[in-house]
Amino acid sequence: MKFLVWLCLCVAAWCYPALARAESPAAMISQYRAQNGEGRVVLDATLTRIAHDQAVAMAAKDQLDHDVLGPFSSRIGPAGAGGAAENIAYGYDSFPKTLDQWINSSGHRRNLLLHNASRVGVASVKSSSTGRTYWAMVIAGDYERPKGRSRDASRASKDAKEAAVAKRKPAAAESCRLKILSICL
């Protein structure tokens, strides 16, 4: 009996190669990224939770909206990534169909190909009122950069602080070459 089951599975895998290589969303996204010169991504539990929370909220309100739970920039904070993006969709009954839709949309494609991305989370939830399936994908990378701010934002902030301090200094302090015990020489 076991041999018969094994034989049936082998025949099915041979006849239907898609069954033999049922790929995860991370593997499918990685394959697409590799075809376009970007690195592979791995499934990340934090990103998956963020994507799941988004999909749940959209399904509960039956509304396709990036901000249904608040701004993405605040929702992505716990991931600790230097860069991240989100794709959402509804109505597709499988991830391959959803991924195809994202690939054929320039903005979604740009997110899939986020440079330096290394982690991804994907989730889907069905609306109890309409039966629509809502999808959310969060992709992130640059984990070595300062968290929460880009290097340019940090530099701009530092420059602004220095400019504010310079404005508060008296003009005489600018001509001071050496200051000893608050005496300008």
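## Loop residues with positive phi

At 37% relative accessibility, Asn116 counts as partly exposed. This is a predicted model. Asn116 is found in the loop between α7 (106-112) and β3. Its phi is positive, at about 70 degrees, although Asn116 is not a glycine.

Asp62 also belongs to this topic. The residue is not a glycine, yet Asp62 has a positive phi of about 50 degrees. Asp62 sits in the loop between α4 (45-61) and α5. Its relative accessible area is 21%, so Asp62 is partly exposed; the buried class ends under 20%.

## The sheet

Four strands form an open sheet. Their order is β1-β3-β4-β2, and the pairing is mixed. Which strands stand at the edges? They are β1 and β2 (83-90), each with a single partner strand, so one side of each has no neighbour in the sheet. Strands of a sheet pair through backbone hydrogen bonds, either parallel or antiparallel.

Take the parallel pair. Strand β1 (residues 42-43) runs parallel to strand β3 (residues 117-126), and two bridges join them. Val42 has Arg119 of β3 as its bridge partner.

Now the antiparallel pair. How many bridges join β3 to β4? There are nine, and strand β4 spans residues 133-141. In this pairing, Val125 stands opposite Tyr134 in β4. The hairpin of β3 and β4 has six residues between the strands. There, Gly131 takes a positive phi near 80 degrees.

## Arg119 and Tyr143

Where does Arg119 lie relative to Tyr143? Arg119 lies over the face of the Tyr143 ring, at 3.7 Å from the ring centre.

## Aromatic cluster

The structure holds three aromatic pairs. In one of them, the rings of Phe95 and Trp102 have their centres 6.1 Å apart and their planes at 70 degrees, so the pair is edge-to-face. The reasoning needs two cut-offs: centres within 6.5 Å for a pair, and planes over 60 degrees apart for edge-to-face. A pair of aromatic rings is described by the distance of the centres and the angle of the planes.

Ring pairs link Phe95, Trp102 and Trp135 into a cluster. Are Phe95 and Trp102 buried or exposed? Phe95 has a relative accessible area of 6%, so Phe95 is buried. Trp102 is at 0% relative accessibility and therefore counts as buried.

## Helix packing

Two packed helices are described by the angle between their axes and the distance between the axes. Helix α3 (residues 25-35) packs with helix α6 (residues 95-103) at an angle of about 30 degrees. Their axes are 11 Å apart. That makes α3 roughly parallel to α6, because angles under 35 degrees count as roughly parallel. The crossing of α3 past α6 is right-handed.

## Ser73 in helix α5

Ser73 has its place in helix α5 (residues 72-75). Its relative accessible area is 59%, so Ser73 is exposed; the exposed class starts over 50%. What separates the C-alpha atoms of Ser73 and Ala85? The separation is 9.2 Å, and the two residues are twelve residues apart along the chain.

How values were computed. Residues are numbered from 1 along each chain as its sequence is written. This is a predicted model: local features need pLDDT of at least 70, side-chain atom pairs count only at pLDDT 80 or more; totals for chains, interfaces and linings use all residues. Side-chain values use heavy atoms; hydrogens and water are left out. Rings of Phe, Tyr and Trp (its six-membered ring) pair if their centres lie within 6.5 Å; planes under 30 degrees apart count as stacked, over 60 as edge-to-face and the rest as tilted. Buried means under 20% relative accessible area, exposed over 50%, partly exposed in between (1.4 Å probe, protein chains only). A charge sits over a ring if NZ of Lys or CZ of Arg is within 6 Å of the ring centre and within 35 degrees of the ring normal. Two strands pair if DSSP finds at least two bridges between them. Axes are lines fitted to C-alpha atoms, for helices over the stretch in contact, and angles run from 0 to 180 degrees between N-to-C directions. Angles under 35 degrees count as roughly parallel, over 145 as roughly antiparallel, 65 to 115 as roughly perpendicular and the rest as oblique. A crossing is left-handed if the near helix is turned anticlockwise from the far one by less than a right angle, and right-handed if clockwise.
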